[in-house]
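Here are some notes for your review. They cover charge pairs first, then a surface patch.

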Amino acid sequence: MAPVGEAWNCPHCGQRILRSAVNCPACQRRLRFDAGTAAQAAAICPLRVEGTIHHPPSETSWEYSVLVQVRDAQGAVVAKHVVGVGAIQPGDTRTFSLQVEMRGPEESAHASTAARPASTERTRQESSSASRRSDGRKP
């Protein structure tokens, strides 16, 4: 079972995501199709912020950088990432959204256990069947 909070790169878009994720939060592509993924549907969103910037048509173009920082309880920066840069032309608008999704450790642990490839289970079954057939009989 993978530890809670373990991360890896999405095989579709390359973004760093949680190992327990069923869908990539960046590209929304499906990562697993096993029976244990039902628990992943119940995520809570304790933080959601959205804001829109309206650029006045009478001013020159503005440049922007979107920076996300995560800090621990002591205020130390745990992660810092520029997620986008660009320009807003006069009269244009941009809407920025930030959302933090949370899942409990029970759900993450269940999903990590369920994330074990089915081929591993088949290999175990096949090896135990082969050992039972070692008495010289044909399968």
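1. A salt bridge here is a side-chain nitrogen of Lys or Arg within 4 Å of a carboxyl oxygen of Asp or Glu. The model is predicted. The structure holds 2 salt bridges.

2. Take Asp92 and Arg94. These residues form a salt bridge, and their closest N and O atoms are 2.9 Å apart. Asp92 is partly exposed, at 28% relative accessibility. Arg94 is partly exposed too, at 26% relative accessibility.

3. Next, Glu6 and Arg19. Their closest N and O atoms are 3.9 Å apart, and the pair forms a salt bridge. This pair links distant parts of the chain, 13 residues apart. Glu6 sits in the segment before strand S1 (7-9), while Arg19 sits in the loop between strand S2 (16-18) and S3. The relative accessible area of Glu6 is 28%, so Glu6 is partly exposed. For Arg19 the relative accessible area is 31%, again partly exposed.

4. Now the surface patch. Which residues form the nonpolar patch on the surface? They are Ile44, Leu47, Val49, Leu98, Val100 and Met102. Together they have about 480 Å² of accessible area. Strand S3 (44-54) and strand S6 (93-102) are the elements that give two or more residues to the patch.

5. Look at Leu47, one of the patch residues. Leu47 lies in strand S3. Is Leu47 buried or partly exposed? Leu47 counts as partly exposed because its relative accessibility is 38%, and buried would mean under 20%. Patch residues need over 30% relative accessible area.

Key
Residues are numbered from 1 along each chain as its sequence is written. This is a predicted model: local features need pLDDT of at least 70, side-chain atom pairs count only at pLDDT 80 or more; totals for chains, interfaces and linings use all residues. Side-chain values use heavy atoms; hydrogens and water are left out. Patches are made of residues with over 30% relative accessible area and no salt bridge: like charges are joined within 9 Å, nonpolar side chains (Val, Leu, Ile, Met, Phe, Trp, Tyr) within 5 Å. Accessible areas come from the Shrake-Rupley method with a 1.4 Å probe; for residues, only the protein chains shown count as cover. Helices (H or I, at least four residues) and strands (E, at least two) are DSSP runs, numbered from the N terminus. Buried means under 20% relative accessible area, exposed over 50%, partly exposed in between (1.4 Å probe, protein chains only).
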